[in-house]
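Trainee: I have just opened this entry and would like to understand how it is put together. Could we go through it step by step?

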Amino acid sequence: MSEAARSLLQRWGASFRKGTDFDSWGQLVEAIDEYQILARHLQKEAQSQHNNSEFTEDQKVSVVVGVVKELVSQMLFLCLADLILKNILTYNKEFPFDVQPVPLRKILAPGEEEHLEFEEDDEEGGAGAGSPDSFPARVPGTLLPRLPSEPGMTLLTINIEKIGLKDAGQCIDPYITVSVKDLNGIDLTPVQDTPVALRKEDTYVHFNVDIEIQKHVEKLTKGAAIFFEFKHYKPKKRFTSTKCFAFMEMDEIKPGAIVIELYKKPTDFKRKKLQLLTKKPLYLHLHQTLHKE
């Protein structure tokens, strides 16, 4: 074997003995070029050796080149896999294609909230006391079916039609959490999340989704209220934030359409420090249906 071919083989061997060590796409391309040079060297040397052998010259060349190709192809595969993994796990804009990782969202059970730092919103003014207004994102859509009917008892279905917001088009993955609370803010029914909104149009986010209240109206305690918390995802901070909320009290439960006012976060389940979200005529639009046997 010539000195040039031996030198190339030594370079390959040293590189792969210490593991796949290509930090950029250009280094891998350079390694492929070196492999091609090595293969040509070995092919020329095999053709130049005329000794007595049971193999023909073509067979000798094929054996040598075939062995080298097999070994080097395995090495290149390992290098390529290592290079791709490096660039996927650590975002590299110089990689031939975009491998920027997608932020993960933590999934929480319906109604579960974690106390994280409060965020300042661009709406007018601050907020009152109540539940935390920001927490890790959950996968929306936890609606429950209607309860079985009971003689003399009334069930309530609320259709959430749309909500009016001045920046409706900027809300990402918006949904509404619906809960029924007593005067102390204690849950009277399971908490439900709507699916992500159907569409955003002008100053409205459209839902058109039915919520089945999980308690007969007659069994709700005095002073109870139904809360609607509008939430949306904030990719920069990687969590879902409550933007505003609304509520409907027991004397407002009646068949037909109703619009209710929006309040600033954080959600005040005790309804003691309420501040309107905006002076503009923007509301939560609902339609109620009562079922009674």
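Mentor: Let us begin with terms: strands (E, at least two residues) are DSSP runs numbered from the N terminus, and two strands pair if DSSP finds at least two bridges between them. This is a predicted model, in which local features need pLDDT of at least 70, side-chain atom pairs count only at pLDDT 80 or more, and totals for chains, interfaces and linings use all residues. Residues are numbered from 1 along each chain as its sequence is written, and side-chain values use heavy atoms, with hydrogens and water left out.

Trainee: Over how many bridges do E2 and E6 pair, and in which sense?

Mentor: E2 and E6 pair over seven bridges in the antiparallel sense. Within E6, Val205 is the bridge partner of Ile163.

Trainee: What is the strand order of the open sheet?

Mentor: The order is E5-E6-E2-E11-E9, five strands with antiparallel pairing. E5 and E9 are the edge strands, each pairing on one side only.

Trainee: How many bridges join E2 to E11?

Mentor: Nine bridges join these antiparallel strands, and Ile160 stands opposite Leu286 in E11.

Trainee: And what about the hairpin of E5 and E6?

Mentor: Two residues lie between its strands, and Asp202 takes a positive phi near 55°. E5 covers residues 199–201 and is joined to E6 by three bridges.

Trainee: Changing topic, which residues touch the most other members of the largest nonpolar core?

Mentor: They are Ile160, Leu165, Ile226, Phe228 and Leu284, in a core of 30 residues. A nonpolar core is a set of buried Ala, Val, Leu, Ile, Met, Phe, Trp, Tyr and Cys residues joined through side-chain atoms within 4.5 Å; buried means under 20% relative accessible area (1.4 Å probe, protein chains only). Another core, of six residues, lies apart from it and includes Phe227 and Phe247.

Trainee: How are the rings of Phe227 and Phe269 arranged?

Mentor: Phe227 and Phe269 form an edge-to-face pair, 5.0 Å centre to centre with 80° between the planes. Rings of Phe, Tyr and Trp (its six-membered ring) pair if their centres lie within 6.5 Å; planes under 30 degrees apart count as stacked, over 60 as edge-to-face and the rest as tilted. Phe227 and Phe269 are both buried.

Trainee: Why is the pair of Phe247 and Tyr263 stacked?

Mentor: Their planes are at 20° and their centres 5.5 Å apart, so the pair is stacked. Ring pairs link Phe227, Phe245, Phe247, Tyr263 and Phe269 into a cluster.

Note on methods. Buried means under 20% relative accessible area, exposed over 50%, partly exposed in between (1.4 Å probe, protein chains only). Helices (H or I, at least four residues) and strands (E, at least two) are DSSP runs, numbered from the N terminus.
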